[in-house]
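Please examine the sequence and the three-dimensional structure shown here before reading further. The briefing below is arranged by topic.

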Amino acid sequence: MSVSANSAIKPEGRKPRFRISDKFPFWAQIITGLVLGVLLGWLARSQDIGWLKTTLEQVGGIFIQLLKLAVAPLVFFAILVSITNLRKVNNAARLASRTLLWFMITSLIAVAIGLAIGLLTNPGAGTGLTPKDGKKPEGSGSWIDFLTGIVPTDVITPFTELNVLQIVFMAAVAGIAALQLGEKAEPILKLSASVLELLQKALWWVIRLAPLGTVGLIGFAIADYGWDLISKYATFTADVYIGCALVLFGVYPLLLVTVAKVNPLQFFKGAWPAIQLAFVSRSSVGTMPVTQRVTERLGVPKEYASFAVPFGATTKMDGCAAIYPALAAIFIAQIFDVQLGIQDYLLIAFVSVIGSAATAGLTGATVMLTLTLSTLGLPLEGVGLLMAIDPILDMMRTATNVAGQALVPVVVAAREKILDHDAYNSASSSPVDEYDVRETEQKAAVPVTA
């Protein structure tokens, strides 16, 4: 059965209410927000309207803050529940290992594309930027910090400081311990599942505000940075967008055709609600509930999707952790007149595959970039060169991340012959809503065999 807004099961005895999305679909609301944001941002900058710029900043900031508010508990309970859900799946270890393998394969392809584009276009040449234009970031990443930072010193700090990597670690430990306890852990698992549903419901209310958030985020970016700044980074910006587009519309469809043997156009149709939200919100974790739902209605069994999508939302970053750091390293090396060799490019690929969890699904990829630069021995001041342009780049990067997080479960499910092809072929591009949740809950629990 297809899970879509048009065909979803309505509660018995309750008439379906009129929704704005029936006449004004969510994607149209997002596009309207983008256009309005650009116009208001241009107006605020060209006419020097301070109050309008401040308002746009506050509207966008509140939207992002609302997303971040749910990140810590959402990640913890999503990872915990996803791991324990694997007990319902036969050959769970095989599915988990295949998922991780395809995460790594697609990351390698993405970083190779990023390196190739950077070497062909020389994004740091002719920008007029100098090392003096850069400055060190307040925080940076290194392999020592990455490895030692996985284990928290207490259970409170990771939540208050929003250290997602440590939250993932604690959730994984709790999930594995719950699996070992068996029936004794059932009360905790039921509570965790209920809390997760509550968080996802609250987050869905925030997601419905995405059109307003779009106006603020895009408007402030235009008002604050202007087109003059963007022109200095024209080649680099184009490289990031082209690289992400090649992965999104080239590599992913190729994998769907050759590996999963399904129609790629149908994938984009079904995954569109998550991709568009990711573009606006710039948060993989914030988009995670939508990503999971579109993945399920693309025919991936719920038990497997509930593991693969949260896992991917915190570790699978083809845009932020593969294409972007590869291009950024070349860009910064050219600004600082540092020659990179083959061994450096291999290191970039290694960092992209192994260190991608450092991005943690939050807006921005500064930690991943500093980790890459410190590994290569490049000046960390180079991060400051890219901070101003980061919000504009992050939209396309996050959309690519989220598309990959939905793609890999589809590929693995197809390879393992557990993909519901009828659901995949009938998946709708309509936005997920509360009826999607109800239909998903009313589906019969069918054991997943691989």
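The model is predicted, so local features need pLDDT of at least 70 and side-chain atom pairs count only at pLDDT 80 or more, while totals for chains, interfaces and linings use all residues. Residues are numbered from 1 along each chain as its sequence is written, and side-chain values use heavy atoms, with hydrogens and water left out.

**Annotated segments**

- The unreviewed UniProt entry carries the annotation "transmembrane region" for residues 24-43, 63-87, 99-120, 164-181, 202-220, 240-260 and 345-362. Such positions are given in the numbering used here, feature names are shortened, and annotations may be inferred rather than shown by experiment.
- Residues 99-120 are 100% helix and 0% strand, with end C-alpha atoms 32 Å apart. Helices (H or I, at least four residues) and strands (E, at least two) are DSSP runs, numbered from the N terminus.
- Residues 164-181 are likewise 100% helix and 0% strand, and the C-alpha atoms at the ends of this segment are 25 Å apart.

**The pair α10 and α11**

- Helix α10 spans residues 234-260 and helix α11 spans residues 264-281; their axes come within 11 Å and cross at roughly 145°. Axes are lines fitted to C-alpha atoms, for helices over the stretch in contact, and angles run from 0 to 180 degrees between N-to-C directions.
- The crossing of α10 and α11 is right-handed. A crossing is right-handed if the near helix is turned clockwise from the far one by less than a right angle, and left-handed if anticlockwise.
- From α10, the contact (heavy atoms within 4.5 Å) involves Y241, L248, F249, P253, L256 and V257; from α11, it involves P264, F267, F268 and F279.
- By class, the contact of α10 with α11 has 10 nonpolar residues, no polar and no charged ones. Here Ala, Val, Leu, Ile, Met, Phe, Trp, Tyr, Cys and Pro count as nonpolar, Asp, Glu, Lys and Arg as charged, and the others, Gly among them, as polar.

**Salt bridges**

- A salt bridge is a side-chain nitrogen of Lys or Arg within 4 Å of a carboxyl oxygen of Asp or Glu. By this rule the count is five.
- K316 is bridged to D318, with the closest N and O atoms 2.9 Å apart. K316 is buried at 1% relative accessibility, and D318 is buried at 0%. Buried means under 20% relative accessible area, exposed over 50%, and partly exposed in between (1.4 Å probe, protein chains only).
- R397 forms a salt bridge with D390 at 3.1 Å, N to O, and both residues are buried.
- R397 also forms a salt bridge with D394, the closest N and O atoms being 2.8 Å apart. D394 and R397 lie three residues apart in helix α18 (residues 390-415), so they are separated by about one helical turn. D394 has a relative accessibility of 0% and counts as buried; R397 is buried with a relative accessible area of 0%.
- Salt bridges that share partners also join R94, R98 and E416 into one network.

**Buried residues and their neighbours**

- Where is K316 placed? K316 lies in the loop between α13 (302-315) and α14 (319-335). Not counting residues up to four places away in sequence, K316 touches W102, F103, T106, S107, F311, N401, G404, Q405 and V408.
- T372 belongs to helix α16 (residues 366-376) and is buried at 1% relative accessibility. Apart from neighbours within four places in sequence, T372 is in contact with P325, A329, I348 and V351.
- A78 sits in helix α3 (residues 50-85) and is buried, with a relative accessible area of 4%. Residues touching A78, not counting those up to four places away in sequence, are L196, M288, S306 and P310.
- A78 and V195 are 117 residues apart along the chain, and their C-alpha atoms are separated by 9.6 Å.

**Positive phi angles**

- Most residues other than glycine have a negative phi.
- K261, which is not a glycine, has a positive phi of about 60°. K261 is in the loop between α10 and α11 and is exposed at 63% relative accessibility.
- D337 also has a positive phi, near 55°, in a residue other than glycine. D337 is located in the loop between α14 and α15 (342-354) and counts as exposed at 62% relative accessibility.
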